[in-house]
Amino acid sequence: ISLRSDLRVETGWTMLTLLDAHGDLTRDIAAALERGARERERYEFFSAIGHELRTPLTSIRGYIETLLEGDTDAVTARHFLETARREALRMGRLLEGMFEFSLLDLSSEALTGRSCDLRGQLIQACEVVRPLAQSRGVTVECAPVIDAAAAIDPDACQQLVVNLLDNAVK
């Protein structure tokens with residue numbers, strides 16, 4: 001198809017529908033390829049959403065399951081609940097961000113001027129990943145020794161570190 005139509009073709013299947021025997025085959029192929037590209041983009045988008053939401057949900061579930069087992073003291077239980085609440089709030093912000101992204105054309109200017117406390121984000125990311133790590137017999141220790149600011153949105157920073165730790169645990 002690429003050689004005959006001078007169109008870029010990616011792997012996968014795309015259906016040619018409503019072919020007109022007297023029409024322009026190149027135009028029909030281009031339309032089918034465009035539909036296929038939109039389907040791939042939609043699949044990649046939902047795949048990314050699933051990955052980004054799975055991490056806070058796993059953390060929340062892990063802390064709640066630990067609390068339900070009833071083997072925690074009051075201080076630890078409160079800490080677990082605060083972490084679960086923080087993750088639920090972060091999941092809400094992730095959803096809001098995805099909603100805003102779907103409505104706006106995100107440019108580099110939209111991300112400028114944001115920064116976060118890197119040490120705090122590292123500590124919180126360790127807490128998020130700890131239930132998954134424990135379920136896999138892995139110990140997560142977090143003792144950042146540097147106080148630094150990072151020129152990145154706090155949620156984006158935490159998600160980045162959580163993804164790194166999550167992949168390391170797996």
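A crossing of two helices is called left-handed if the near helix is turned anticlockwise from the far one by less than a right angle, and right-handed if it is turned clockwise. The structure described here is a predicted model, in which local features need pLDDT of at least 70 and side-chain atom pairs count only at pLDDT 80 or more, while totals for chains, interfaces and linings use all residues. Residues are numbered from 1 along each chain as its sequence is written, and side-chain values use heavy atoms, with hydrogens and water left out.

The chain contains five helices and two strands, where helices (H or I, at least four residues) and strands (E, at least two) are DSSP runs numbered from the N terminus. Along the sequence these elements follow the pattern α-α-α-β-α-β-α. Of the 170 residues in the chain, 29% are buried, a term that means under 20% relative accessible area, with exposed meaning over 50% and partly exposed lying in between (1.4 Å probe, protein chains only). Among the contacts in the chain with a separation of 6 or more, 72% come from residues 24 or more positions apart, contact being defined as heavy atoms within 4.5 Å.

The packing of helix α2 (residues 25-69) against helix α4 (residues 118-135) brings their axes within 8 Å, at a crossing angle of roughly 65°. Such axes are lines fitted to C-alpha atoms, for helices over the stretch in contact, and the angles run from 0 to 180 degrees between N-to-C directions. The two helices α2 and α4 are therefore roughly perpendicular to each other, given that angles of 65 to 115 degrees carry that description, while those under 35 count as roughly parallel, those over 145 as roughly antiparallel and the rest as oblique. The crossing in which α2 passes α4 is left-handed. On the side of α2 the contact is formed by Thr55, Thr58, Ser59, Gly62 and Tyr63, and on the side of α4 by Glu127, Val128, Arg130, Pro131 and Leu132. Sorted by class, the contact of α2 with α4 comprises four nonpolar, four polar and two charged residues; here Ala, Val, Leu, Ile, Met, Phe, Trp, Tyr, Cys and Pro count as nonpolar, Asp, Glu, Lys and Arg as charged, and the others, Gly among them, as polar.

Helix α4 also packs against helix α5 (residues 154-169), with the axes 9 Å apart and at an angle of about 40°, and α4 and α5 are therefore oblique to each other. The crossing of α4 and α5 is right-handed. In this contact Leu118, Gln121, Leu122, Gln124, Ala125, Cys126, Val128, Val129, Leu132 and Ala133 of α4 meet Pro154, Cys157, Gln158, Val161, Val162, Leu165, Asp166 and Val169 of α5. By class, the contact of α4 with α5 has 14 nonpolar, three polar and one charged residues. Val129, which is placed in helix α4, is buried with a relative accessible area of 2%. Apart from neighbours within four places in sequence, Val129 is in contact with Val162, Leu165, Asp166 and Val169. Val129 and Leu165 are separated by 36 residues in sequence and by 6.8 Å in space, C-alpha to C-alpha.

Aromatic pairs were counted for rings of Phe, Tyr and Trp (its six-membered ring) whose centres lie within 6.5 Å, with planes under 30 degrees apart taken as stacked, over 60 as edge-to-face and the rest as tilted. By this rule the count comes to one aromatic pair. The rings of Tyr63 and Phe80 have centres 4.7 Å apart and planes at 55°, so the pair is tilted. Because Tyr63 lies in helix α2 and Phe80 in helix α3 (residues 74-103), the pair ties together parts that are 17 residues apart in sequence. Tyr63 is buried at a relative accessible area of 3%, and Phe80 is buried at 14%. With neighbours within four places in sequence set aside, Phe80 is in contact with Tyr63, Thr66, Leu67 and Thr72.

Thr83, in helix α3, has a relative accessible area of 1% and is buried; not counting residues up to four places away in sequence, Thr83 touches Tyr63 and Glu127. Gln159, in helix α5, counts as buried at 5% relative accessibility, and beyond its neighbours within four places in sequence Gln159 is in contact with Glu52, Thr55, Arg90 and Leu94.
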